[in-house]
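Subject: Structure handover

Hello,

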Amino acid sequence: MFDFLKKKTETFTLGAPVKGKAVPLQEVNDPTFSDGLLGKGVAVVPAEGKVFAPADGEIAMVFETLHAVSMNADFGAEILIHVGLDTVTMKGEGFTGHVKAGDKVKKGDLLLEMDLEKIQAAGYDTVTPMLICNTDAYADVEGLSGKDVNPGDDILVIKKN
């Protein structure tokens, strides 16, 4: 009867940054990610070496070693995409950047390329976490895992306070 008094929750959905198998963040073999120290999110075990923008927004930072990129979605989420575990030690070897800080991107734009074979040959896990670093600004951040995904497929649902 008083449905008009109920506040509608605004929801945003991010696309998968890479093609592969979506897994819960808790399964990532690094407590920085699995314990949510940097925020809630989801991870993908990549099947291809291309990383795409999960939403429209602006690139905040491309790490010098090209193993990670952060961006601010147009709706306010601070997104971190981290390619592999401990891949920072590769010092950019096997990575190619396609964007720089300040670039405006659309969902699906190519951000980075990675040589999965080179990363694995160096002994590193290629799992690619995607985190919402300002998780506290939202009512809920929920990863949609346990499925194969293509770039852009729904993988993370964010509910505004």
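Below are notes on the model, from the overall picture down to single residues.

First, the ground rules. This is a predicted model, in which local features need pLDDT of at least 70 and side-chain atom pairs count only at pLDDT 80 or more, while totals for chains, interfaces and linings use all residues. Residues are numbered from 1 along each chain as its sequence is written, and side-chain values use heavy atoms, with hydrogens and water left out.

**Overall picture**

The protein has two helices and 14 strands. Both kinds of element are DSSP runs, numbered from the N terminus: helices are H or I with at least four residues, strands are E with at least two. The radius of gyration is 16 Å, close to the 15 Å from the globule rule for 161 residues, so the protein is as compact as a globular protein of that length. That radius is taken over C-alpha atoms, and the rule is 2.2 Å times the number of residues to the power 0.38. Along its principal axes, the C-alpha trace spans about 60 × 30 × 25 Å.

Of the 161 residues, 46% count as buried. Buried means under 20% relative accessible area, exposed means over 50%, and partly exposed lies in between (1.4 Å probe, protein chains only). The accessible surface comes to about 8300 Å², and 48% of it belongs to carbon and sulfur atoms. These areas come from the Shrake-Rupley method with a 1.4 Å probe; for residues, only the protein chains shown count as cover.

Contacts matter for what follows. A contact means heavy atoms within 4.5 Å. Among contacts with a separation of 6 or more, 69% are between residues 24 or more positions apart.

**The open sheet**

Three strands form an open sheet in the order β4-β10-β8, with antiparallel pairing. Its edge strands are β4 (50-52) and β8 (95-97), each pairing on one side only. From one strand to the next, the twist averages 20°. Axes here are lines fitted to C-alpha atoms (for helices, over the stretch in contact), and angles run from 0 to 180 degrees between N-to-C directions. Two strands pair if DSSP finds at least two bridges between them.

β4 and β10 are joined by three bridges. β8 also pairs with β10 (residues 110-114) over three bridges.

**Around β7**

Is strand β7 (residues 78-82) largely enclosed or largely open? Four of its five residues are buried, so β7 is largely enclosed by the rest of the structure. Five bridges join β7 to β6 (residues 68-73), and the two run antiparallel. In that pairing, Met 71 stands opposite Ile 79. The hairpin of β6 and β7 has four residues between the strands, and Gly 76 takes a positive phi near 110° there.

β7 also runs antiparallel to β11 (residues 128-132), joined by three bridges. Leu 80 has Leu 131 of β11 as its bridge partner.

**Loop residues to look at**

- Thr 65 sits in the loop between β5 (57-62) and β6. Thr 65 is buried, with a relative accessible area of 16%. Leaving aside neighbours within four places in sequence, Thr 65 is in contact with Val 88, Lys 91, Gly 92 and Phe 95.
- Leu 66 is in the loop between β5 and β6. Phi of Leu 66 is near 60°, a positive value in a residue other than glycine.
- Asp 86 lies in the loop between β7 and β8. Asp 86 has a positive phi of about 65° although it is not a glycine. Asp 86 is partly exposed, with a relative accessible area of 49%.
- Gly 146 is in the loop between β12 (138-143) and β13 (147-149). Gly 146 is exposed, at 55% relative accessible area. Leaving aside neighbours within four places in sequence, Gly 146 is in contact with Lys 21 and Ala 22. Gly 146 and Pro 17 are 129 residues apart in sequence and 15 Å apart in space, C-alpha to C-alpha.

Best wishes
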